[in-house]
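I opened this notebook to record what I looked up in one protein structure. The entries are set down by topic.

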Amino acid sequence: MRGTGVARPATRRGASSIMAVAGACLLVLAPGTTAGGEPPPETGFAVPFSGAPGYEQLAPTQVTDPGQLNQPLGEQKADEIAARIGLARDDALTDQQYRELVTGGGVGGDRDAAEVIDACVRILTNTNGRPLLSDVGGRPTPTVLASYGLYVNTDGLLQSPANADAPTRQVNSLIAPGGFVGTWLRDNGATHTLIALYRSAYTVQAVYGFAAQQISGAAQLVTNTEGGVSATVGMSMAPPLWTVNFALLYVLKPSLAAAMPAYWAPIPPAVADAVRASPTGQVPYSDHRSYFE
């Protein structure tokens, strides 16, 4: 669920405004500093996969204990991250606004758009206690793979959430400037939410995320190299994409952002190789499920 932003949403400016705001945001934090003013940690992600200087350390770190796999952030951590990127609970939609948006209600509601948004939420919060059900070998099969930056689609194919076939990629047209979501928010009394989103780190991180996706081919996987050790994870766990998705979910409903993965885990090498070798970036989960069990 990655998209780009504009400087002042009420004016519906175009791509030039996106780059202008991104440039301004990049100047807010000098290179080599974090949002809290400390030197940034070495996380192993290279530009543009590391995102804007100063925000990389807010994204999930690699698992160091099996118990951390697919663990959700929790509401306290989500609120802390939101504050660091410039968001607060008051910026989020009301419960009624959220229900109307994801059910196709409200002024200008659209059921098809709502289904895409709802699917994005479920994919990005595929953590412990929130399994996705897919058809694997003719049987409904629950899977929880968020820490890997992967998910199993309804047809049983394992892929990155940034795959061209995924709702989390297709939603970009809905959240782009002038798209359905911005229009719906303005028409349903949530302009303040839109303004808060575009004034947050979302805007600059979206530019890095867009660049990262453009150079990652069909697989949409990311290499992390730290201490001379390389690992692969899905694009949704790269800092800029994770932060963009976090900001979007937080303004929809803070509890959704709290359900996002708190840690990332390396994709088993054989699985990563298979995804990269696939012309669609998709592989049958049934052929690889043993690596995740």
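The entries below go from the overall make-up to single residues.

**Entry 1. Overall make-up**

I noted at the outset that this is a predicted model. I looked up the secondary structure and found twelve helices and nine strands. I then turned to burial: of the 293 residues in the protein, 54% are buried. For contacts with a separation of 6 or more, I read that 70% join residues 24 or more positions apart.

**Entry 2. Helix α10**

I took up helix α10, which covers residues 239–252 and so has 14 residues. From the first C-alpha to the last, α10 reaches 20 Å, close to the 20 Å expected at 1.5 Å a residue. Is α10 mostly covered, or mostly open? I found α10 mostly covered, with 14 of its 14 residues buried.

**Entry 3. The nonpolar cores**

Which residues touch the most other members of the largest nonpolar core? I found that these are Ile117, Phe246 and Leu252, in a core of 62 residues. The element that gives the most to this core is α10, with ten residues. I also recorded a second, separate core of 16 residues, including Tyr148, Leu221, Ala272 and Val283.

I looked up the contacts of Phe246, leaving aside residues up to four places away in sequence. Phe246 touches Leu73, Ala78, Ile81, Ala82 and Ile85, and also Ala257 and Met260.

**Entry 4. The largest cavity**

The largest cavity holds about 130 Å³ of space. I counted 16 residues in the lining of the largest cavity, and those nearest its centre are Val181, Leu185, Leu197, Leu248 and Val251. Which elements give two or more residues to this lining? They are α7 (180–187), α8 (191–199) and α10. Among the elements, α8 gives the most to the lining of the largest cavity, with four residues.

**Entry 5**

I turned next to the strands. In which sense do strand β2 (residues 132–136) and strand β3 (residues 139–143) pair? I found the antiparallel sense, over five bridges. One of the bridge pairs sets Val136 with Arg139 in β3. The two strands, β2 and β3, form a hairpin with two residues between them. In the turn, I noted that Gly137 has a positive phi of about 65°.

**Entry 6. The open sheet**

I recorded an open sheet of three strands in the order β4-β5-β9, with antiparallel pairing. Why is one side of β4 and of β9 (283–284) left without a neighbour in the sheet? Both β4 and β9 stand at the edges and have a single partner strand each, so one side of each has no neighbour there. I looked at one pairing of this sheet in detail: β4 and strand β5 (residues 157–159) pair in the antiparallel sense over two bridges. Here Val152 stands opposite Leu158 in β5.

**Entry 7. The largest pocket**

I read a volume of about 210 Å³ for the largest pocket. Its lining has 13 residues, of which Arg122, Ile123, Tyr151, Asn153 and Thr154 lie nearest its centre. The elements that give two or more residues to this lining are α4 (111–124), β2 and β4 (151–152). Strand β2 from the hairpin and strand β4 from the open sheet therefore both belong to this lining by the count of DSSP runs.

**Entry 8. Backbone details in the loops**

I closed with single residues. The peptide bond from Val47 to Pro48 is cis, with omega near 5°. I located Pro48 in the loop between α1 (15–28) and β1 (61–62).

Asn70 is not a glycine, although its phi is positive, at about 60°. I placed Asn70 in the loop between β1 and α2 (75–85). Is Asn70 buried or exposed? I found Asn70 buried, with a relative accessible area of 5%.

Gln220, a residue other than glycine, has a positive phi near 55°. I found Gln220 in the loop between α9 (202–214) and β6 (221–226). Gln220 is buried, with a relative accessible area of 2%.

Notes. Residues numbered from 1 in each chain as written. Predicted model: local features only at pLDDT ≥ 70, side-chain atom pairs only at ≥ 80, totals over all residues. Heavy atoms only, no water. Expected span 1.5 Å × (residues − 1). Buried < 20%, exposed > 50% of the residue type's maximum accessible area, 1.4 Å probe, protein only. Core = buried A, V, L, I, M, F, W, Y, C linked by side-chain atoms within 4.5 Å. Contact = heavy atoms within 4.5 Å. Pairing = 2+ DSSP bridges. 1 Å grid on protein atoms, 1.4 Å probe; cavity = no way out; pocket = protein on both sides within 12 Å on 5 of 7 lines; lining within 4 Å. Points joined across faces, edges and corners; volume = space filled by probe spheres on them.
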